[in-house]
Amino acid sequence: MRLTLLATLCFTLGLPDLALAADLAAGKAKVDMVCAACHGANGVSVSDTIPNLAGQKTVYLENQLKALKDGSRKNAIMNAIAGQLSTDDISNVAAFFAAQSGATPTAKSALLPNLAKSNMAFPADFPKGYTKYHTINFPATKQVRYYYANPVAVAAAKEGREVGNGAYLMVEVYAAKLDADKKPIMGADGYYEADKLLFYTAMAREAGWGQDIPDMLRNAEWNYSAYTVAKQARAGVNQAECLACHKPLDQSSYMFTIKELTAAVKAK
Ligand code: HEC
Ligand code: HEC
């Protein structure tokens, strides 16, 4: 009776009555499974580049999530995640994070083990057997990146099929050679001349590799990894970020460069 009255009052005054409907337990369940990978289970984030949400105001959190969902606030990772939240999910997670106590500035949460862990290993024979299908200049970071696909990925692209299990895509990230003014030196082919290899990023898929990944982040059976020049897994990589950003590409094998791969292998 009292709740109804309050709800009616909120409605009459045009105030949001979401707070009445928020389900903290449902909010916590969603946070534990998905948001915790980056914002921590209690809203204390896992890295310096991800905001803490603990103790933030409920309405602020709701408004940000709505803006990230409809795209008026832009962030590739959060647009992909918020786009999958219902209005109820938004009020539940916002109420949950608002109810957590704020953190000290230096506190950090650990990565979620199932999302930090990748099943991938550096392919022993790389680049043997791989097709180099694309190059991109990155002016902001003065890098040039080379894109490679293994025979499974090449065959799928050639036949216009989904890139399936057994596929391996590798990206070499190089620092560009710089001139005396510290500007990248452009080669005759329109790409920066490569200097030192900095690291690799990669994605690969095998049966069962998606099973520990929650639906909101899962990319079929794809896993992601980054490697040092010594071909070791790079420390501190949060696979959740890779999964979140590539997630909306479910119609193109979760690949941003599928068109380039297809064009390169069909031309051969
Ligand atoms: C893969 C990492 C990742 C996951 C998982 C993730 N977030 Fe985020 N979130 C981010 C990043 C990065 C930002 C900063 C976006 C920006 O700079 O605009 C952010 C920003 C936000 C903001 C805005 C904060 C502010 O201060 O304005 C909210 C709210 C938020 N996330 C809620 C959530 C919720 C709820 C979930 C789970 C359903 C979630 N996030 C899952 C990475 C993540
Ligand atoms: C903010 C969004 C974003 C995040 C986060 C992200 N990627 Fe990507 N990824 C891209 C874009 C855009 C491309 C297209 C070309 C490029 O920018 O390199 C790409 C391309 C790739 C490719 C080449 C195949 C393809 O999909 O076209 C690989 C491999 C890759 N990313 C691996 C990773 C790994 C590993 C991580 C996590 C460590 C990661 N990505 C995180 C946006 C993202």
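**Exercise: K177 and its partner**

Classify K177 as buried, partly exposed or exposed from its relative accessible area, and find the residue with which K177 forms a salt bridge.

*Solution.* The model is a predicted one, in which local features need pLDDT of at least 70 and side-chain atom pairs count only at pLDDT 80 or more, whereas totals for chains, interfaces and linings use all residues. Residues are numbered from 1 along each chain as its sequence is written, chains are lettered from A and ligands numbered from 1 in the order in which they are written, and side-chain values use heavy atoms, with hydrogens and water left out.

Step one is the class: buried means under 20% relative accessible area, exposed means over 50%, and partly exposed is what lies in between (1.4 Å probe, protein chains only). K177 has a relative accessible area of 36%, and therefore counts as partly exposed.

Step two is the partner, for which a salt bridge is taken as a side-chain nitrogen of Lys or Arg within 4 Å of a carboxyl oxygen of Asp or Glu. K177 pairs with E193, the closest N and O atoms being 3.7 Å apart. Both residues lie in the loop between β3 and β4, 16 residues apart; here helices (H or I, at least four residues) and strands (E, at least two) are DSSP runs, numbered from the N terminus. E193, at 31%, is also partly exposed.

**Exercise: salt bridges elsewhere**

How many salt bridges does the whole structure hold, and which residue pairs with E162?

*Solution.* The search of the whole structure gives 8 salt bridges. In one of them E162 is joined to R205, with 3.3 Å between the closest N and O atoms. This pair links distant parts of the chain, since E162 sits in the loop between α8 (151–159) and β3 (168–176) and R205 in strand β4 (residues 194–205), 43 residues apart. The two ends fall into separate classes of accessibility, E162 being partly exposed at 47% and R205 buried at 8%.

A further pair is E221 with R218, whose closest N and O atoms are 3.4 Å apart. E221 is buried, with a relative accessible area of 16%, while R218, at 25%, is partly exposed.

**Exercise: the iron atom and helix α9**

Which protein atom is the donor to the iron atom of ligand 2, and what covers the buried residues of α9?

*Solution.* Donors are N, O and S atoms within 2.8 Å of the metal (3.2 Å for Na, K and Ca), and water is not among the atoms, so sites may look incomplete. With that caution, the iron atom has a single donor from the protein, NE2 of H246, at 2.2 Å. H246 belongs to helix α9 (residues 239–246), where it is among the buried residues together with Q239, A240, L243 and A244. Their cover includes α3 (24–39), α5 (76–82), α7 (113–116), β4 and β5 (222–227), contact meaning heavy atoms within 4.5 Å.

**Exercise: cysteines**

How many disulfides does the structure hold, and is C35 buried or exposed?

*Solution.* A disulfide is a pair of cysteine sulfur atoms within 2.5 Å, and the structure holds 0 of them. C35 is buried at 16% relative accessibility, and C245 is partly exposed at 24%.

**Exercise: aromatic rings**

How many aromatic pairs does the structure hold, and which residues form one aromatic cluster?

*Solution.* Rings of Phe, Tyr and Trp (its six-membered ring) pair if their centres lie within 6.5 Å, and planes under 30 degrees apart count as stacked, over 60 as edge-to-face and the rest as tilted. On this basis there are 10 aromatic pairs. The rings of F122 and F126 have centres 5.9 Å apart and planes at 85°, so they are edge-to-face. F126 and Y148, with centres 5.0 Å apart and planes at 80°, are likewise edge-to-face. F126 lies in the loop between α7 and β1 (131–138) and Y148 in strand β2 (residues 143–149), so this pair ties together parts 22 residues apart in sequence. F126 and Y148 are both buried, and F122 is buried too. The cluster consists of F122, F126, Y130, Y148, Y168, Y200 and Y227.
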